[in-house]
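The sequence and structure come first.

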Amino acid sequence: EVKVISALNTLVIPDTEICRGDTVRLWVISDSTSNNIPFYTWSPYIALDTNRGNEVFAHPSNTMTYSVVTTSGLCNPVTDLVTVTVDDIPSVDAGEKQYIIKGSNTTIEATSPNNIQTYQWSPTQDVDCATCPSTQVTPPQNTFYTVNVTDINGCKTLDSVEIVVFEECNGDIIAVPNSFTPNRKGKNDRLFVRGKLLSQMK
């Protein structure tokens, strides 16, 4: 029995979407016979692990349209196209380092210019709302809180903020010298109030 193929039938992966830095598997399948084994050539040969075969792995840094040409025996070549859309990684800011007295709480907040869909703070212990962009925390000791976010495209990123916990209010927090010598000699001429928690003095 002789099987006659008037034209190659091919099926290629639909257009797909990835996050920047990810890799995606691209594939194509077609008719084949014992005498006519199909060959596949992908182009452009950019960010591909190979440009031959019915399966390749692509990791483009920007949106790219690839073509794959299928040839088999005397059949006319068939060209298929697939576009890999590359989405940017979102950015997120967990805020500046904070200082608190043990037993008190503070608010940490994740901000982003992107369309963030989910937030996840860790560790979750002593966190009022681990899935909220802004939440109160009551850490018993110095703690780094990390927020993992996912945007509308499914791309992810993270950031961390440190909360420093003081056992009590002492000179590590606010310190005032008990003397100074305003004699214009360049030493101890000014009275400074120093402190890690000091934000304003009147």
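A residue counts as buried under 20% relative accessible area, as exposed over 50%, and as partly exposed in between. The model is predicted.

**The aromatic pair**

By that cut-off, Tyr99 is partly exposed because its relative accessibility is 28%. Phe166 has a relative accessible area of 9%, so Phe166 is buried. The structure holds one aromatic pair, and Tyr99 and Phe166 form it. The pair is stacked, with 6.0 Å from centre to centre and 25° between the planes. Tyr99 lies in strand S8 (residues 98-101) and Phe166 in strand S13 (residues 156-166), so the pair ties together parts that are 67 residues apart in sequence.

Strands of a sheet pair through backbone hydrogen bonds, either parallel or antiparallel. Here an open sheet is formed by four strands in the order S2-S7-S6-S4, with mixed pairing. Its edge strands are S2 (16-19) and S4 (39-43), each of which pairs on one side only. On average, neighbouring strands of this sheet are turned by 25° against each other, direction ignored.

**Strand pairings**

S3 covers residues 24-30 and S1 residues 10-12, while S5 covers residues 55-58.

| Strands | Bridges | Direction |
|---|---|---|
| S2 and S7 | four bridges | parallel |
| S1 and S3 | three bridges | antiparallel |
| S3 and S5 | four bridges | antiparallel |

Individual residues locate these pairings in the sequence. Thr16 has Val84 in S7 as its bridge partner. Thr10 stands opposite Ser30 in S3, and Val24 has Ala58 in S5 as its bridge partner.

**Asp87**

Which strand holds Asp87? Asp87 is in S7, which spans residues 75-87. Asp87 is buried and has no salt bridge. The nearest side chain of opposite charge belongs to Arg20, 7.9 Å away. A salt bridge requires a side-chain nitrogen of Lys or Arg within 4 Å of a carboxyl oxygen of Asp or Glu.

Leaving aside residues up to four places away in sequence, Asp87 touches Glu17, Ile18, Cys19, Arg20, Asn153 and Cys155. Arg20 is thus one of the residues that Asp87 touches, although Asp87 has no salt bridge. Strand S2 covers residues 16-19, and the contacts of Asp87 include Glu17, Ile18 and Cys19. S2 and S7 are also joined by four bridges.

How values were computed:
Residues are numbered from 1 along each chain as its sequence is written. This is a predicted model: local features need pLDDT of at least 70, side-chain atom pairs count only at pLDDT 80 or more; totals for chains, interfaces and linings use all residues. Side-chain values use heavy atoms; hydrogens and water are left out. Helices (H or I, at least four residues) and strands (E, at least two) are DSSP runs, numbered from the N terminus. Buried means under 20% relative accessible area, exposed over 50%, partly exposed in between (1.4 Å probe, protein chains only). Lys and Arg count as positive and Asp and Glu as negative; His and the chain ends are not counted. Contact means heavy atoms within 4.5 Å. Two strands pair if DSSP finds at least two bridges between them. Axes are lines fitted to C-alpha atoms, for helices over the stretch in contact, and angles run from 0 to 180 degrees between N-to-C directions. Rings of Phe, Tyr and Trp (its six-membered ring) pair if their centres lie within 6.5 Å; planes under 30 degrees apart count as stacked, over 60 as edge-to-face and the rest as tilted.
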